[in-house]
Amino acid sequence: MANHYHAVFVLTIAVIGMVGAAVVPRSLLTPGDTNVPMNLTADIVLRDGYYLEQHQVTTADGYILTMFRIPGSPANPVRQGKNVAFLMHGLLSSSADYVISGPGRALAYLLVDAGYDVWLGNARGNTNSRRHIFHDPDARSTNFWDFSWHEIGYFDLPAMIDYALAYTGHTSLHYAGHSQGTTSFFVMASTRPDYNKKIRSMHALAPVAFMSNLRSPFVRAFAPFVNQLEWIMSMLGVNEFLPSNEMMILGGQRLCEDESPFQEVCANVLFLIGGFNSPQLNRTMIPALLENAPAGASVNQLVHYAQGYNSGRFRQYDFGLTLNLIRYGSVRPPDYPLHRVTAPVALHFSDNDWLAAVSDVRELHSHLSNSIGLFRVSDPRWNHLDFVWGIDANTFLYERVISFMDRFN
């Protein structure tokens, strides 16, 4: 957008001013490079032998977001004109979701191998996007965390999509999101409908919009007390939920490694979040998963989801009667106008997803005017986290996603 200021990091920083300013990129980061930013996603991609670029974009409200681009590999060289695929992570996670499973399994690599120019987004507040032009995320009193997934959809996704399109010279791209990556997409496409024309196809992996029938014991336990939780957190000055830190990463490595007697405890914590499916969890990978997640989020993101569970509606953040009247002109927040979502959307769901219940996904489908369809994962035990980390995600899911993308090229 013309009112955004962008900064691009492709090895080094090249500043982009307003529309029409020049970009001076340098060579790609390639496997074996030693001058690599300390970052989990970058470390994984270069370790696995793929090319990498790191980019930054500043949103209209001042958040500085990091994106990663994987334009090719030695086996699939970089070239102009490749179709663009943009991948967006879920709550408390990061771009590493789409590479952590490794070559032959991770969605980002499979898309690169299929000839796509792959871009990985990172939402404000996670480990890759903890910067703002004014606000300090670590300050005791800060406005940095005054956002929910509404702002991720309204500001972050448009900024990143516009940047990727401008950089590659395309006018549209394919989008795949997991969990919150789907929620934020539906926010964008319904409140900023001009972005629908920029989406060739959208693939919602474990789509979360309506939530009243979810089975996760964590959400069901704290949702009834969300107003009290929000007040307590505000009084304590706690605005970030589960920030990533070295102690948590080290604990995950020690407690969850293959030799640890507590590894099954770690596995069961993951199952309690998204559903049980033991055969699809690579336990050796658990320490790496815990290095990636939790990657940080605002308390308001959790509160907004709890509000959705309590109300049974997909609607904007509830600030309370007085602030709702000021912000929305009504005592209750407005529903998102899903009828304005005109991009072709494929909803990929499963029977054992504890966070995206089948009935809630069907409710979402009924509001979409241009749905490609509902597509059930055939494994009856497939859970919420298997959509990004499942051992057989390629067979059960990604082959279908890529074939749909190919169809819309």
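The legends below describe close-up views of a predicted model. Local features need pLDDT of at least 70 and side-chain atom pairs count only at pLDDT 80 or more, while totals for chains, interfaces and linings use all residues. Residues are numbered from 1 along each chain as its sequence is written, and side-chain values use heavy atoms, with hydrogens and water left out.

View 1. Strand E9 covers residues 199-205; strands (E, at least two residues) and helices (H or I, at least four) are DSSP runs, numbered from the N terminus. Six of the seven residues of E9 are buried, meaning under 20% relative accessible area (1.4 Å probe, protein chains only). Strand E8 (residues 173-178) pairs with E9 in the parallel sense over six bridges; pairing requires at least two DSSP bridges between two strands. Tyr175 stands opposite Met202 in E9.

**View 2. Strands E9 and E12.** E9 and strand E12 (residues 345-349) run parallel and are joined by four bridges. Leu205 stands opposite His348 in E12.

**View 3. Leu255 in helix H7.** Helix H7 spans residues 246-256 and contains Leu255.

**View 4. Ser366 in helix H12.** Ser366 lies in helix H12, residues 358-367. Its relative accessibility is 52%, so Ser366 counts as exposed, the term for values over 50%. The C-alpha atoms of Ser366 and Leu338 are 9.7 Å apart in space, and the two residues are 28 apart in sequence.
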